[in-house]
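User: I would like to know what stands behind the labels used for this model. Can we go through them one by one?

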Amino acid sequence: MSKRIETKIRKFFNIPRKGENYEFRSGLVSQYADERKDTIQRVIAAMTVGKDVSALFPDVLKNIATHDIKQKKLVYLYLMNYAKTHPELVILATNTFMRDAEDPNPLIRALAIRTMGCIRVDKMVDYITIPLKKTLRDDNPYVRKTAVICVAKLYELNPQVCQQQGFLDILLELVDDPNQMVVANAVATLIEISNSTKKKFFEIDTAILTKLLNTLNDCSEWGRISILSALLEYNAESVAEVHQIIEKISPQLQHENAAVVLSSIKILIKQLDKLTNSEVKNVLNRLSSPLCSILTSAPEIQYVALKNIRILLEKYPFILDKELRAFFIKYNDPLYLKLEKIEILVRIANESNCMLLLAELREYAMEVDSALVNRAINGIGQIAIKIEKCSKKAVEVLYELFLDRHEYVVEEIVIVIQNILRRYSKEYVSSVITMIADSKLEFLNRSEALSSYMWVLGEYPKEIPHLEAKLDMIVEGFEDFDPIVQSAALASLVKISLIKPTANTPHLLQTILTKATKELENAEVRDKAYLYWRLLSTDDKKLQEEIILNKLPRLESTIETFPPGLLEELLDNLGKLSSVFYKPASTFVTLNSNNKFITSSDLQNMKFEELQQIAKNEIVNKAVRADNLLDFDDDQEIADKGSQNDQDRSDGTVLDELNDLFSGLGTSSTSATNGNNQDLFGILGSTTGTKSEESSATSSGIVNKNATKNNDILDLF
């Protein structure tokens with residue numbers, strides 16, 4: 001009775017007996033075309049959300065022979081996704097591919113050749129060459145442009161066959177095709193193949209240059225980027241060609257796609273070396289409007305644009321002088337965008353717009369977000385140091401903000417005050433010292449703020465009221481400070497003892513020197529204390545003034561800049577990841593032995609032994625670089641011997657230890673793990689010499705070793 005009820009319930013709710021795949025399989029072999037098509041759609045939907053429906057491969061393959069284009073697209077999509085798991089079954093579909101490649105409908109022909117190119121199976125190479133040659137010569141431009149992209153996929157799968165069959169020569173012919181999309185795809189394919197093989201398969205001459213420039217306006221966004229990337233490699237032979245390039249490229253600056261705009265800017269910048277000063281100024285004036293227009297895009301695109309604008313401002317600082325308001329922060333901008341806009345604002349500040357910018361930054365400094373407030377205050381300090389005309393106004397703005405007495409505001413202002421005093425040592429002492437005098441030590445938590453506070457006390461002790469009370473608090477909490485703060489406090493107290501000695505100063509100095517030499521574990525601070533102690537014990541006042549009272553150099557700017565070599569590389573990589581990270585591509589892109597990018601899918605397909613070898617090479621390279629940093633020998637012969645020894649050690653000991661390390665990955669015992677960790681520590685120790693020996697010693701060993709080192713320092717005097 002219960003079984004009959006269960007059967008009725010299953011029929012009522014349509015519950016499948018043998019799972020979802022059973023239902024799919026039944027639908028795929030149905031005698032009704034509509035049911036088969038509906039089932040295929042459901043299979044693709046399940047595949048899209050990550051379900052494994054590879055078991056249905058034979059049943060889906062049976063539905064490939066159909067005149068319904070939508071159903072054929074779905075079946076081809078399924079084949080592309082599961083071709084690697086069933087390579088022997090994909091071959092069964094080759095007859096359909098060959099027949100569809102000669103279909104009267106150009107959409108079906110293009111679909112067939114595109115699917116064959118996307119099936120990454122070695123056996124498919126033997127079947128794809130004949131239809132690919134036909135489709136490359138097809139009368140329909142849509143089929144040709146699809147077949148051109150298929151050549152790049154075939155070349156990645158089997159370069160020898162691609163060259164032997166003459167597909168590269170056909171691509172070079174298609175660069176002169178009457179259809180713009182075919183030209184763009186041919187150029188993109190040739191560039192892709194050239195970049196993957198480090199060989200020049202595509203050279204632009206005067207005729208091709210004219211063809212590409214005339215084709216540019218009729219292409220899609222993707223096609224324009226491909227052609228612009230190709231033109232970037234062309235070096236104009238005459239000034240007439242430069243003017244031709246500028247004339248044809250300039251309209252692309254008004255394109256709504258940010259990638260097209262940045263690619264056009266790269267080409268225009270490359271031509272500046274061949275122009276006169278007036279022409280250069282004219283070209284640079286054209287860049288301001290398109291750069292500002294990008295700021296109306298989505299926040300993510302704006303972020304990339306701002307990163308690239310910062311690089312351009314480093315090379316050409318005057319291109320956005322009149323566009324200050326375009327970079328003002330909007331209330332709905334995300335935080336990362338607000339911070340980048342301030343980076344741009346402080347770089348385009350000049351004497352004509354600095355007052356307006358200071359008023360704007362003052363508004364930002366009164367926001368709720370602490371990160372934005374700190375960056376705005378820092379920007380006020382950068383403008384004060386950069387432009388002397390508005391420095392007085394900047395100090396007044398800082399004082400107004402200081403009166404709010406928010407903890408993070410006071411900390412950032414103290415850091416900015418130090419920089420201002422290093423730039424204007426006498427002009428604003430009375431104004432900024434008031435803020436320092438009113439600052440309480442217990443409100444400062446950041447190490448940078450505390451060290452700046454200590455520096456101001458040491459440089460201007462005569463202007464600081466209640467100095468002894470502040471020094472008492474410094475000495476009392478000396479052990480709890482970070483090493484950088486301890487070093488600044490030590491230097492400040494020594495300077496105060498020489499500039500403005502009081503009755504209690506010798507006692508405080510003696511106390512802090514005793515703590516630094518006997519109670520601290522940081523070797524740098526302790527050595528510095530011994531050095532000061534020895535200098536103060538001498539009677540040579542001139543030596544004390546030269547060493548202890550030596551002032552920091554005058555600060556010209558606090559705005560970060562790029563090294564010249566890095567700047568040129570970033571200019572060549574505008575619009576790429578390098579321009580966002582501000583790093584060369586070699587520092588964050590991994591290449592395999594064939595100089596090809598290693599993607600996440602490549603890592604997943606690699607064997608465990610290959611991953612081990614990549615990890616070993618990375619560790620050895622870092623170890624050798626670390627060892628080279630510690631090589632201070634000027635003797636070339638000794639350095640050569642040392643590098644040879646390093647190489648031998650890297651090939652021998654280090655790799656042996658790495659082999660031991662990776663050999664224990666298969667075991668789960670605690671002893672094996674500990675042994676491997678010791679091998680790894682041994683590697684690091686072997687590459688850093690005595691430095692690593694000190695860091696791996698026990699605490700008592702460190703103290704004894706540093707005590708001996710300190711005695712050696714005392715013996716020098």
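User: Leaving aside neighbours within four places in sequence, which residues is Gly27 in contact with?

Analyst: This is a predicted model. In it, Gly27 is in contact with Glu35, Arg36 and Thr39. Gly27 and Thr39 are twelve residues apart in sequence, yet their C-alpha atoms are 5.6 Å apart in space. Gly27 itself is found in helix α2, residues 20-28.

User: Why does Gly27 count as buried?

Analyst: Its relative accessibility is 4%. Buried means under 20%. So Gly27 counts as buried.

User: What makes α9 roughly parallel to α12?

Analyst: The angle between helix α9 (residues 125-136) and helix α12 (residues 167-174) is about 15°, and their axes are 11 Å apart. Angles under 35 degrees count as roughly parallel. Therefore α9 is roughly parallel to α12. Their crossing is left-handed.

User: Which residues make the contact of α9 and α12?

Analyst: From α9, Thr129, Leu132, Lys133 and Leu136. From α12, Phe167, Ile170 and Leu174. By class, that contact has five nonpolar, one polar and one charged residues.

User: Which residues have the most contacts inside the largest nonpolar core?

Analyst: Tyr78, Phe327 and Ile383, in a core of 190 residues. Helix α24 (residues 407-423) gives the most to this core, with nine residues.

User: Which residues is Tyr78 in contact with, beyond four places in sequence?

Analyst: Tyr78 is in contact with Val43, Ile44, Met47, Val53, Ser54, Leu56, Phe57 and Val60.

Methods: Residues are numbered from 1 along each chain as its sequence is written. This is a predicted model: local features need pLDDT of at least 70, side-chain atom pairs count only at pLDDT 80 or more; totals for chains, interfaces and linings use all residues. Side-chain values use heavy atoms; hydrogens and water are left out. Helices (H or I, at least four residues) and strands (E, at least two) are DSSP runs, numbered from the N terminus. Buried means under 20% relative accessible area, exposed over 50%, partly exposed in between (1.4 Å probe, protein chains only). Contact means heavy atoms within 4.5 Å. A nonpolar core is a set of buried Ala, Val, Leu, Ile, Met, Phe, Trp, Tyr and Cys residues joined through side-chain atoms within 4.5 Å. Axes are lines fitted to C-alpha atoms, for helices over the stretch in contact, and angles run from 0 to 180 degrees between N-to-C directions. Angles under 35 degrees count as roughly parallel, over 145 as roughly antiparallel, 65 to 115 as roughly perpendicular and the rest as oblique. A crossing is left-handed if the near helix is turned anticlockwise from the far one by less than a right angle, and right-handed if clockwise. Ala, Val, Leu, Ile, Met, Phe, Trp, Tyr, Cys and Pro count as nonpolar, Asp, Glu, Lys and Arg as charged, and the others, Gly among them, as polar.
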